[in-house]
Amino acid sequence: MTPILEVQNLHVAYFAPTGQLCPALAGVHFDLAPGEILGVLGESGSGKSTLAASLLRLLPSNGKIQQGKVLFDGINLLEASPQNLRKIRGGRISLIVQEPSSSLHPTLQVGRQVSDALAAHKPLDRSTLREKTGQLLSTVFPADAERISRSYPHELSGGQRQRVLIAQAIACRPSLVIADEPTASLDPTTQQEILLLFRTLTQKFGMAMILITHNPALLTGFADRILVLYAGRVAEIGPTATVLSSPQHPYTEALLRCLPSHFADERSVRKARLHVIAGDPPDLSLHAKGCQFEPRCTDRMEICKCDEPAGAAVSELHNVACFKFAG
Amino acid sequence: MQPLLRIENLVKHYAAGRSASSRDKLAALDGVSLSIAPQTTLALLGKSGSGKSTLALCIACLERPTSGSIWFEGVGVTALAESERRRVRPQIQLVFQDPASSLNPRWTALEIVSEPLLVQQRFTKQERIEKTHTLLDRVALPRKMASRRPDELSGGQKQRLAIARALALEPKLIILDEALSALDCSVQAQISNLLLDLQSSLGLTYLFITHDFAMAAHLADQIAVMDRGRIVESGLTEKILSFPCHQATRSLLAATPSLAETQNVLVEL
């Protein structure tokens with residue numbers, strides 16, 4: 001099956017105020033099948049938000065895409081004209097951000113904001129627009145879409161605002177939705193409701209999804225595959241269950257070991273020290289040679305200091321960038 | 001043993017309508033009672049809007065409850081005059097979820113941590129600097145960080161700074177209001193270890209407000225669940241995890257994402 005998205009050898013950097021170029025993504029490479037949900041797992045500084053922004057060329061002015069291709073349905077987004085890009089953003093690829101309050105207009109009713117998202121891409125007459133807006137809101141608010149439509153963002157809870165963003169994001173039935181930490185500011189119950197909504201919508205409309213998060217547990221039972229990002233590189237990529245139950249990259253292993261065991265229902269385990277990953281994430285502006293995880297890796301070898309590992313297949317769908325598995 | 005903190009029937013109303021003089025009242029706290037034994041951790045869980053942060057503010061004497069009582073070390077706090085409450089406040093400190101909005105962005109780490117010492121007017125400048133350095137050591141922040149501003153620190157470092165500031169006046173009780181929620185998983189582990197170390201070395205008591213049942217289960221001796229301004233279930237951690245009774249507890253447990261889907265602690269809703 002032809003992938004809906006192919007990211008090939010993507011290199012992105014930022015210009016520091018000094019003029020120095022600071023790398024943020026290096027050699028990022030992955031595919032996405034139509035209707036697939038890919039979880040991008042990364043901590044602060046891993047480059048996950050840079051990845052989301054790069055795919056749609058929404059980097060800030062000091063960001064630079066140095067190399068690579070982002071093929072969406074055969075079009076290289078990195079070379080698309082501004083007019084084409086405008087049609088694709090929101091129309092065929094949507095982006096949902098972490099903080100709904102900063103993406104919603106504070107003095108417009110939310111129904112109007114969802115209509116605007118539709119009208120930006122589809123020339124519809126007023127009554128069709130009103131009808132379609134109503135349908136969209138009913139999809140995300142099964143119970144009280146009418147009342148919500150007339151509300152202002154500040155009158156809604158965090159979860160409700162996020163649902164409004166989702167309604168805007170799916171308005172034009174995009175083939176791909178990129179969600180950057182969409183549930184980070186929500187409590188677990190609301191979080192689960194939003195994930196369930198995403199799942200229903202992706203299945204109903206055949207949308208592919210990239211869900212970016214720092215919380216591995218969120219991806220269980222939700223994402224089809226997980227891509228682990230560390231220091232702007234793809235450390236590991238594979239089916240969710242495989243990556244979470246038998247992680248191969250030392251970083252993924254160490255990260256999953258940090259989580260409190262669910263649940264510590266024995267006194268002996270409770271209040272014990274949790275595993276930590278020694279050291280800190282690397283300062284990429286130092287352009288260190290070798291594997292970026294090497295200083296913190298308990299399995300490091302001599303070669304790790306000098307060269308960067310390329311991805312190697314540990315099984316048919318599972319790829320790891322680590323010299324332990326190099327051919 | 002006398003509890004460090006005891007609360008009985010605490011009620012807090014806010015005016016709910018659009019005008020300040022509106023008769024409509026929102027009961028943020030609707031009769032809350034709980035107690036925390038010294039040198040233990042109580043985790044307070046509940047959905048957004050259940051009243052957890054309002055409870056934190058009342059306990060820290062930053063909001064006056066509408067009715068009900070709070071005892072701290074056996075002394076009734078709610079009836080005290082402001083001048084007396086001022087003496088209680090240093091013993092109850094807060095660490096918030098978002099260090100970016102609770103740390104002055106224009107001050108250095110040194111200034112932030114020594115501010116409580118300055119306000120108390122009990123220490124010379126040299127004493128303040130020495131105490132601040134000791135506090136930074138306690139939270140494992142290298143001393144060279146003392147001259148940095150918050151935006152030069154990582155999320156974990158900012159939270160360590162917030163904890164150092166909370167320790168400045170040698171409190172007995174620290175209220176952690178979602179203090180780990182905004183941190184990466186590996187950093188949460190580091191801060192969790194720090195909190196446990198500080199609890200055992202300084203004899204601290206924690207009220208740990210969180211959404212995260214897994215972290216609550218890890219850190220807390222007791223768990224209390226809030227729903228719509230009331231405590232609906234409370235008890236020893238082991239008991240709450242094994243036999244959750246109230247619907248609010250069960251939904252929180254069921255909603256907590258877990259790595260091991262096969263783990264069978266959860267009760268079917």
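H3(A) and H4(A) are roughly perpendicular to each other, a label used for angles of 65 to 115 degrees. Before going further, note that this is a predicted model, in which local features need pLDDT of at least 70, side-chain atom pairs count only at pLDDT 80 or more, and totals for chains, interfaces and linings use all residues. Residues are numbered from 1 along each chain as its sequence is written, while chains are lettered from A and ligands numbered from 1 in the order in which they are written.

Two packed helices are described by the angle between their axes and the distance between the axes. Here helix H3 (residues 110–119) and helix H4 (residues 126–140) of chain A pack at about 115 degrees, with axes 9 Å apart. The axes are lines fitted to C-alpha atoms over the stretch in contact, and angles run from 0 to 180 degrees between N-to-C directions. Helices are DSSP runs of H or I with at least four residues, strands are runs of E with at least two, and both are numbered from the N terminus.

Which residues make the contact between H3(A) and H4(A)? The table lists them; two residues are in contact if their C-beta atoms, placed from the backbone, lie within 7 Å.

| Helix | Residues in the contact |
|---|---|
| H3(A) | A:Gly111, A:Val114, A:Ser115, A:Leu118, A:Ala119 |
| H4(A) | A:Leu129, A:Lys132, A:Thr133, A:Leu136, A:Leu137 |

Six of these residues are nonpolar, three polar and one charged. Ala, Val, Leu, Ile, Met, Phe, Trp, Tyr, Cys and Pro count as nonpolar, Asp, Glu, Lys and Arg as charged, and the others, Gly among them, as polar.

Let's step back to the chain. Chain A has 10 helices and 12 strands, and its C-alpha trace spans about 70 × 55 × 45 Å along the principal axes.

Now for one residue in a loop. A:Ile277 sits between helix H9 (250–257) and helix H10 (303–306) of chain A.

In total, 34 residues of chain A are in contact with 33 residues of chain B. H7(A) gives the largest share of chain A's side, four residues.

Definitions and conventions:
Parallel < 35°, antiparallel > 145°, perpendicular 65-115°, else oblique.
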